[in-house]
Amino acid sequence: AFRAVAGKMASSVMFLPLRRLKSRVLHYVCSRQWETLYSSYGSRFQDLEDFLDGSKQAYKYMQNELCTADSVSHLKTMVSDKLYEAILLSLDEREEWRMENFDKGGLIFEDVEAYVEQISAPESFEVKASLTADVSFLSAVRLESQPEEVMFRADGFVFETQWDPEQGIGEWKISSIY
């Protein structure tokens, strides 16, 4: 369903501080793991701040494209095949959203916080393997169709890449949205 693909609005402003606390605790633990990997593999691994900056850009772009784009074929290169198929299954709901909001279906992001909440690293970095990072996003957003109202969102993406012992990490793709 489109709402599941596009994320969810927080039902209460009270929800946000609790969600932020949980995200910060998980991020603290995962950032230590990430820094250990970065220290061990140097330029073959990505700096955490660079990863988070890129993940925020991907999040804002993906959310706006899901709400406004006439076609989603251009998203295929940034998502897994399984996620792309889920996006295609939501086309009717996306079209309904677009018809209701016309050219004002986009999102205006006031603020986005990104937190790494889980890292699934291979047991051995001596062989090619998959690496995933779950990132939660807490954002204050306005709908272009209702710019006077600020809403709070809690979304998450699972990013996946391939590790090569000689080349390091590859391009990150979004493999899941939660």
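**Figure 1. A hairpin of three residues joins strand β3 to strand β4.** The model is predicted; local features require pLDDT of at least 70 and side-chain atom pairs pLDDT 80 or more, while totals for chains, interfaces and linings use all residues. Residues are numbered from 1 along each chain as its sequence is written, and side-chain values use heavy atoms, with hydrogens and water left out. Strands (E, at least two residues) and helices (H or I, at least four) are DSSP runs, numbered from the N terminus. β3 and β4 (residues 168-169) run antiparallel and are joined by two bridges; strands count as paired if DSSP finds at least two bridges between them. Within this pairing, Trp-163 stands opposite Ile-169 of β4.

**Figure 2. Strand β3 also pairs with β2 and with β5.** Strands β2 (residues 129-143) and β3 (residues 146-164) are antiparallel and share 15 bridges. They form a hairpin with two residues between them, and Ser-130 stands opposite Gln-162 in β3. Four bridges connect β3 with β5 (residues 173-177), again in the antiparallel sense; here Val-158 faces Ser-176 in β5.

Figure 3. The whole structure contains 14 aromatic pairs, defined by rings of Phe, Tyr and Trp (its six-membered ring) whose centres lie within 6.5 Å; planes under 30 degrees apart count as stacked, over 60 as edge-to-face and the rest as tilted. Trp-34 and Trp-172 are stacked, at 6.1 Å centre to centre and 20 degrees between the planes. Trp-34 counts as buried at 1% relative accessibility, as does Trp-172 at 17% (buried, under 20% relative accessible area; exposed, over 50%; partly exposed in between; 1.4 Å probe, protein chains only). Phe-125 and Trp-163 form an edge-to-face pair, with 5.0 Å centre to centre and 85 degrees between the planes. One aromatic cluster includes Trp-34, Phe-125, Trp-163 and Trp-172.

**Figure 4. Helix α4 (residues 81-89) has buried residues and an exposed face.** The buried residues of α4 are Leu-83, Tyr-84 and Ile-87. These residues fall within an arc of 100 degrees seen down the helix axis, so they line one face of the helix; the arc is that of the directions from the helix axis to the C-beta atoms. The face turned away from the buried side carries the exposed residues Asp-81, Lys-82, Glu-85 and Leu-89.
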